[in-house]
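Hi,

Here is the structure I said I would pass on.

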Amino acid sequence: MNKSLFQIQFRSLWNTLFGKVSRTKKRRGITKVLMGLLAIYVIVCIFLSSGFLFYEMAAFLVPAGLSLLYFSVAGLFSLLLCFIGTIFTVHSQLFRAKDNEFLLSLPIRPSSVLLSRLFLLMLMEVILLLPIILPAIFVYGAFAAITPLQILFLIAGCVLLLCLSTALSTACGWITTVLSLRIRHHNFITVVLTLLLFVGFYGAFFGLQNYFSDLLIHGHAIQSALQIALPPVYWFGQLCLGNASALFPLLLWCLLPFGGVCLLLAKTFWKLALSSPAPSKQKSTAAAKDLRSPLQTLLFKEFKRFFTLPAYMLNTTVGCIFSLLFSAFLLLNQNALELMFQEAIPETLIFPICMGILAFFSVLNNASSVALSLEGKSLWILKSMPVPPPTVILAKTLPSVVLNLPFLLLNSIVCWITFSLSLPQGLLLLLIPQLLNVLSALSGVVVNLHLPNFDWVNETLLIKQSASSIVAALSALGFLLIPGLLYLPLYGMISAELYFSVWAFLFLAAILGFWHYLKTRGAQRFNHL
Amino acid sequence: MLRIESLVKTYGAKIAVDHVSLHIRPGEIYGFIGHNGAGKTTTIKACCGILPFDSGEIYIDGVSIKENPLECNRKMAYIPDNPDLYEFLTGWGYLNFVADIYGVSRQDRQERIEKYGNMLDIYSSLSQTIGSYSHGMKQKVAILSALLHQPRLMILDEPFVGLDPVAAHTVKSLMRELCQEGGAIFFSTHVLEVAEKLCDQIAIIRQGKLLVSGTTQEVRGNSSLEEVFLELEEQHE
């Protein structure tokens, strides 16, 4: 029975990630090859970037006798990534999964349902942990010898860290669930808490360079402070160095919280999983509204969905958050920035750098990449209505564009003023991020039309980790990387204004191309969904 | 009102609907009966333009659904077997959404929502989000939304599932009312007693093929519809 439960959970994760392929619609060979190549490309990119980070650390820490610190940092990164990667999933996956009622109505012990869900959560954590631990160990091997015993201990340490991160994210999910049952405006609270976490995370991310410098300068002091400040990662580091005596304290630090959380869940899971959240107090909307056009009403519906799904809101507007933070940063640190740019960066690079940053923010948002999939089982409504498919597609594209527009506009204006850019530069800075904004929204819908998934159980997983959202994010990054990389060899040979003007035309052409495709082939594809 | 001509729909090697032809005239309630997986929902979805079909033709009020699906969709309303509506909208929000799509004026929609909402006993709950509704309440909202633009043709897949007896009775009265005003109803059901009492015409489908069709009297003869249905099932096993 437990085996069947695990299989179902695994299949659910698989279907959400890669979409359900029906027996009558097998993917074609070329699609399989392309998907495979894309997967390899993504994996290689992730492993390489992680590898470079660890190489820089190992090059300094290992020869300086700070191997313990090296493994502790690797452990800390793994723990944080697993925690952050699953914290938003726990609430929806564990307590608010749509099949909870069904499973709990079957003659299965709630603990089995719970275990199968925890198993899935840990499986997701393994996927997050591997890109940290594998490069870390390979890079370490290039600087020092590794014994088989160390490998064995490393595996044991990773399993224990997984237990700890599961315990931490599950505890947070439990708190969110309890709050959502008692507080009326739980959506608002969830958004605020998640935003705070986001700000904390990105604050730490941007400060990475400083922490890294501190690590190199105060390595010995940090290493000795770790035992008190972060005992689990300290003992993980010790274990990775082959110190068998570290196993017991690490077991205590990881298994005790895990056991505690399991106990808590065993006592409360049934009740929490079957309780309904406190209903939000609805404003009285008991009235017929004035007639709106189909596009207006479809847009209203899309925005309504956007603002009622915290996971959708937060996962698809990272660029907006970055934009806002960046604008605030520029406005608050104007003098420091001017000095920094005047001394360290040639003036001719300021405009391309600003362009790169803004372009990056504009391609980060991809609300359109799951907009069709989110229709789920209610797709019949759109398909049975007298609305042309291009109107539906436009309604799926526009929210992403509209949401990003003011943030990007603000960024462009702030950059223009802060760095005193010329008129052509300022205009290009206003135009290109918006063009990329439209382009990534359109490409998101194209990807979603080709990789739809309407059989989801958990919309958070769909938004965060479905094939459509991942492929759309990568293609949008391609729109940024291609002009960026091509500019490097041309730097100094061609004026930045001319170069980006050419790209503005190319982006415009791509937008028209995508829109033409969506209106013709895309509309046909929508009819066949 | 609805003419299905030699409809064929396949899923890979499986033939779900095999050369089915039906004709539903204005003023008729047409019942579509068959066992699970017989091809009822596939036929219904093809009629609504939701499911592309392999061959054949479907005309709504003389307009081909293949050539002009939007024009056809304007003339009809569809209610699926499972009312999966937008759970994040309130009842009012959903009804306003549907009314906007079909171009129903503010005054008309207010009157119709009030009239049908009270008849179906859902009016007072329309301010709640659909996510908090029971299956029956969702079904009532789906039926109410289908009536908003006063369609000429209603296509319903198992419309009585989840409805309480009073609401089921009201829906039957509304179906008859629509037919008396020149509209037509095409609906699938497993409840043979309902089909027998309500329908002017009946068609029985099995494994994608139409076994029998005609007026209710012609189909059942001197027996009950249940006996005829079971007899036909036995003959074809």
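**What I found**

Tyr499(A) counts as buried, because its relative accessibility is 5% (buried means under 20% relative accessible area, exposed over 50%, partly exposed in between, with a 1.4 Å probe and protein chains only). Tyr487(A) is buried too, at 7%.

Before going on, the ground rules: this is a predicted model, where local features need pLDDT of at least 70, side-chain atom pairs count only at pLDDT 80 or more, and totals for chains, interfaces and linings use all residues. Residues are numbered from 1 along each chain as its sequence is written, chains are lettered from A and ligands numbered from 1 in the order in which they are written, and side-chain values use heavy atoms, with hydrogens and water left out.

Back to the rings. There are 29 aromatic pairs over all chains, where rings of Phe, Tyr and Trp (its six-membered ring) pair if their centres lie within 6.5 Å; planes under 30 degrees apart are stacked, over 60 edge-to-face, and the rest tilted. Tyr487(A) and Tyr499(A) make a tilted pair, because their ring centres are 4.9 Å apart and their planes sit at 45°. That pair links distant parts of the chain, 12 residues apart: Tyr487(A) is in helix α21 (residues 467-490) and Tyr499(A) in helix α22 (residues 496-527). Helices (H or I, at least four residues) and strands (E, at least two) are DSSP runs, numbered from the N terminus. Both tyrosines belong to a cluster linked by ring pairs, together with Phe351(A), Phe500(A), Trp503(A) and Phe507(A).

Ser440(A), in helix α19 (residues 423-450), is buried at 0% relative accessibility. Leaving aside neighbours within four places in sequence, its contacts (heavy atoms within 4.5 Å) include Ser362(A), Asn365(A), Ala476(A) and Phe479(A).

As for chain A overall, it has 22 helices and 0 strands, and buried residues make up 47% of its 529 residues. Among its contacts between residues at least 6 apart in sequence, 85% join residues at least 24 apart.

Cheers
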